[in-house]
Amino acid sequence: MASREPQINRENVSRAKDRLRVVEARVGRRWGRLFWLLIGPGILVMLGENDAPSMLSYAATGSQFGIGFFIPFVVFTFMLAFVAQEITVRLGAASKAGHAELIYQRFGRFWGNFAMIDLLFTNFLTLVTEFVGIVAGAGFFHIPAPIAVLLGLLAVSSAVVLRRYWSWERLILALASFNLVFVVVAFLAPVSWGQVGHAMWSWTPLPGGWNSNTIIMILADIGATITPWMLFFQQGAVTDKGLAQKDIRWGRIDTAFGATLATMAAVGCIVVTAPLYIHHMNAGQFGAAQFAQALVPYIGHIGGALFALGIFDAGLVAAVAISTSSAYAFGEVAHQAHSLNRSVVEAKGFYAVLIGVAAVAGAIVLIPGFPLEMVVIVVNVIAVLTMPPAIGFLLLLANDREVVGPHKSTWWLNVFGIGVGVFISLAGIVYALTVVFPHFTL
Amino acid sequence: MAAELDSLDVEQLLQEHYEAQERIHRLGLRPLSPGLKALMWTLRIYVILMIVAVAVNVIHSV
């Protein structure tokens, strides 16, 4: 193969400027500054995954099961997510290549195409649900659906105006931090925090036991924390940001910090919707931001408004992250420029995919009579079911010394990684059993 | 200052980046053992079966 000559272009100059700031902070031992410079992909991916369907899954969990088993279970799923996402930090920093690029490079077009079909299929469905969340959240404030979709597209298009990974990342981080509003509204809810503490260590109660509804909720909550797009997004962002091998430790901290913040928001969402369970409200009647309206008697109008704003923001951030994940994957596979440090003229295909997929997803949400609620419920489940092959590729790449060099997974990291894959696969099999045998219980 | 970079600085700062890209670009396909191929096919069939299960579930609930 022909050797690649280093190019001095806008993308590389921007990245070099970012690297210089990191080097200066490291030499000056300014650890706070270094933390600020190197955080981003991990927090974005974790808060991005606390997207509209995820928050609605947590809201459904709280309203159907109250405070009990699902509180520690959600904490557990974020631990699983950390195990998977930490690998993408090592892969990105060591290879400077995106996830799709590595799969095609090491496993060939045949297996690469399968991985891409999974990614693009789940990404598109998820993107539709993000716009469902955006429209629903905006609906609480009587903002018409087309305006809400336009706002979503504006957020996705911000990358075109900013033309700089660093500026884009900071803007989306600011938007993503609003996810913590679910922690704030949790404190407005009339719930016993002693009960939350009890649930954390006892994993009880689980109302209704292990029936098919519980299993679907378990799958939806796993899908709310672990999905294929996260792998592609974080590795792409780590590469675009220019993280070096020396920065892997900071990438881990970034990912762990993001997982902690996202866990707090997810638990907050379950806690705040728990009063609906306590007062025997039928959660089946709620869709999207109607949760916010139902919560007003318990957390007040301001609380309800914050909840709706949280759903709107969750959709907005995830729409940006998922569109970017699709665009990274497209650029890597098509061998076209794929960096947020490039201008539209330099990376036409990248930005066309970034905005195009979002525009189509937004337009679908505006189709009258489209079964939006059905898509919202199904999307998290599909995300989990397409995850095992993605975990398989991830583990193979993480153990490929030619790709990651000295950052190859250790035996105990492999034990955790395989554990995540087996757990997700078994959850899928149990789900399938409940479909084939509707009266199946564990 | 970060704003004043010449091409030499860029190359030095991105040396690790260029080297890694070059190394990955030269990599060929990873040899897959029969066991690994079987595992990958199993996971692929798993996904197809699960998507069928979701479709059945959706049809039942409509």
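This report describes nonpolar cores, a surface patch, salt bridges and selected residues in a predicted model.

Because the model is predicted, local features need pLDDT of at least 70 and side-chain atom pairs count only at pLDDT 80 or more, while totals for chains, interfaces and linings use all residues. Residues are numbered from 1 along each chain as its sequence is written, chains are lettered from A and ligands numbered from 1 in the order in which they are written, and side-chain values use heavy atoms, with hydrogens and water left out.

**Nonpolar cores and patch**

A nonpolar core is a set of buried Ala, Val, Leu, Ile, Met, Phe, Trp, Tyr and Cys residues joined through side-chain atoms within 4.5 Å. Buried means under 20% relative accessible area, exposed over 50%, and partly exposed in between (1.4 Å probe, protein chains only). The largest core has 158 residues, and those with the most contacts inside it are A:Tyr58, A:Phe131, A:Trp168, A:Phe182, A:Phe307 and A:Tyr431. Helix α14 of chain A (residues 290-334) contributes the most to this core, with 23 residues. Helices (H or I, at least four residues) and strands (E, at least two) are DSSP runs, numbered from the N terminus. A second, separate core of 12 residues includes A:Val22, A:Val89, A:Trp166 and A:Leu243.

Contact means heavy atoms within 4.5 Å. Neighbours within four places in sequence aside, A:Phe182 is in contact with A:Met55, A:Ala265, A:Gly268, A:Cys269, A:Phe307, A:Gly310 and A:Ile311.

On the surface, A:Ile418, A:Val422, A:Leu426, A:Ile429, A:Leu433, A:Val436 and A:Phe437 form a nonpolar patch with about 620 Å² of accessible area together. Patches are made of residues with over 30% relative accessible area and no salt bridge; like charges are joined within 9 Å and nonpolar side chains (Val, Leu, Ile, Met, Phe, Trp, Tyr) within 5 Å. Accessible areas come from the Shrake-Rupley method with a 1.4 Å probe, and for residues only the protein chains shown count as cover. A:Val436 is placed in helix α19 of chain A (residues 411-436).

| Residue | State | Relative accessible area |
|---|---|---|
| A:Val436 | exposed | 59% |
| A:Ala84 | buried | 3% |
| A:Arg19 | buried | 7% |
| A:Ala294 | buried | 10% |
| B:Glu22 | buried | 13% |
| B:Arg26 | exposed | 52% |

A:Arg19, in helix α1 of chain A (residues 10-27), touches residues of both chains, among them A:Leu38, A:Asp247, B:Leu13 and B:Leu14.

**Salt bridges**

The structure holds 16 salt bridges over all chains, each a side-chain nitrogen of Lys or Arg within 4 Å of a carboxyl oxygen of Asp or Glu. In one of them, the closest N and O atoms of A:Arg15 and A:Asp240 are 3.0 Å apart. A:Arg15 lies in helix α1 and A:Asp240 in helix α12 (residues 228-241) of chain A, so the pair ties together parts that are 225 residues apart in sequence. Both A:Arg15 and A:Asp240 are buried.

A:Asp18 and A:Arg21 also form a salt bridge, at 3.1 Å from N to O, and both are buried. In chain B, B:Glu22 and B:Arg26 pair at 3.0 Å, N to O; these two are four residues apart in helix α2 (residues 15-26), hence separated by about one helical turn. Salt bridges that share partners join A:Glu11, A:Arg15, A:Asp240 and A:Arg342 into one network.

**Chain B**

Chain B has three helices and zero strands. Of its 62 residues, 32% count as buried. Chain B exposes about 4000 Å², and carbon and sulfur atoms supply 65% of that area. An unreviewed UniProt entry annotates residues 38-59 of chain B as "transmembrane region". Over residues 38-59 the chain is 100% helix and 0% strand, with the end C-alpha atoms 32 Å apart.

Key
UniProt positions renumbered as here; feature names shortened; annotations may be inferred.
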